[in-house]
Amino acid sequence: MKDIAISLNEVNVRYGNNIALRDATINIPYHSFTGVIGMNGAGKSTLFKAIMGLVTPQTGTITICGDDPHTAQKHGHVAYVPQSELVDWDFPVSVYEVVMMGRIGTQNILKMASAVDHDTVKTALERVNMTAFKDRQIGELSGGQKKRVFVARALAQGADILLLDEPFAGLDATTEKSLIALLISLKESGKTIILATHDLLSLPDTCDHVALVKSTIIGFGPTKEVFTKELVERTFDGILNHVKFN
Amino acid sequence: MDILNFILEPLQYAFMFKAVVVSTIVGVACAILSCFLVLKGWSLLGDAISHAVLPGVVLAYMLGIPFGLGAFVFAMLAVTLIGYIKNNTKIKEDAVMGIVFTTLFALGLMLISKIISSVDLTHVLFGEVLGISDNDAWYTFIILALVSLVVLIFRRTFLLFCFDPIHAQSLGLPVRFIHYAFLSLLAVTITGSIQTVGIILVIAMLITPGSTAFLLTKRFSSMLQIAIGISLISSLIGAYSSYYFNIATGGTIVFVQGCIFLLVFTYQTIVTNYKSRRQLQTS
């Protein structure tokens, strides 16, 4: 289990009478790049929330980097890059300030930035190539730059695991490519990347692992083995002719 | 008339001195909270709380305890009720707020009609800072100064809470606690401000300065400063107008704030139009 970043064992999550996730079991290794696919409402976001410790499963266990979700939160193991539509882009904060928010878990109750915090933020901004934009208000950025800011926040947090919720939505092909290149380079430097995506076309080139979600995890493994016509069509309840399978 | 004299002369009177001090602290506290409230999108909730405290004020009056205490209890009651009903029905939040605050406000009106004279009713609804007692003035000043300090000290946490509560929660911050702490501070501010601007208008103090400042800046720190500045000026104009022209303090403060907002809005619209036209011409 040493090589497992995220482990869910027979996890059940219910909201009232609705079962959002049923008997979900998955073991995501460190340094992997996992694409999570499934229909809307299939349980992708519940899976993410469970990993982040935002929902507590009724039954089953979750282990993040060897810790329970609550301890994992305190350690900042998991960082989250939100969907663009869930961010208030008019909010009066600068790029630098947003990245600094990644440090808030390590700061004291007054949340004053230390010299270490400033250094970490600067390094994170350099890593995603956004140093030149550090004083911009976050709404004054292009789609790809907006994503990079939140990736930088995740890096500033010092997280080992990055969760990205539909990061490619609304991005043009070139921007998507350069974001993917950034994520792959982060993976190679030791991060574990997990993203929810609807982009089945680029998935085989991007992700080395795939998780198929349909109320439960109906498949997880190396892309070559799991991203098959049969399994993916089962995930989406239909025929997918435009997607190239292995 | 000498301008210094114009400002200082009224302050010789104890009632006017109190009025200026209280209006000032009300302006500052409301301005600070307004920045967060506007960004969080909680303006309507603020309005709901401000109306819902009325029965608390009346009951406090009956029992001879500080207004603020009674108001605070009912503010929390309103917030809890709104949250509980929203989570357990399919009715949308704005409708739930509407039902809860009007019902509590109505209860307050019923209690008032039985107990308090109509003059006092006007004071509760519209404020009367010139007649504030020494005790109430002290109470308001201390409470609102404390609220302002607490919010400023913890502004980074509150800002994160407004901007991305999911991120805050994923770092293990006590988001639920922060949520209720912010609501409590809001309730305290509303109750502290009632004496000056009244129940009906206090929400304006909690929306307008922050909104105006939001139009003018892209930095939260300057948004806070601008909001406080606008609010302070409005409060002072309000207090002095009631002294010199005998018009309602609360009404004047809120009206001045509204006028400043309109001025800023108009200025911005003109500048934006001018800029985009120049861009078209040069391109």
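Here are a few questions and answers about a sheet in chain A and a helix pair in chain B. This is a predicted model, where local features need pLDDT of at least 70, side-chain atom pairs count only at pLDDT 80 or more, and totals for chains, interfaces and linings use all residues. Residues are numbered from 1 along each chain as its sequence is written, with chains lettered from A and ligands numbered from 1 in the order in which they are written.

Q: What makes S3 and S7 of chain A a pair, and in which sense do they run?
A: Strands are DSSP runs (E, at least two residues; helices are H or I, at least four), numbered from the N terminus. Two of them pair if DSSP finds at least two bridges between them. Strand S3 (residues 33-37) and strand S7 (residues 192-196) of chain A have four bridges, in the parallel sense. Take A:Val36: its bridge partner in S7(A) is A:Ala196.

Q: Why are S5 and S9 of chain A called edge strands?
A: The open sheet has the order S5-S6-S7-S3-S8-S9 in chain A, with mixed pairing. Strand S5 (78-81) and strand S9 (216-222) each pair on one side only.

Q: Why is H9(B) called roughly perpendicular to H11(B)?
A: Axes are lines fitted to C-alpha atoms, for helices over the stretch in contact, and angles run from 0 to 180 degrees between N-to-C directions. Helix H9 (residues 155-163) and helix H11 (residues 175-216) of chain B cross at roughly 105°. Angles of 65 to 115 degrees count as roughly perpendicular (under 35 is roughly parallel, over 145 roughly antiparallel, the rest oblique), so H9(B) is roughly perpendicular to H11(B).
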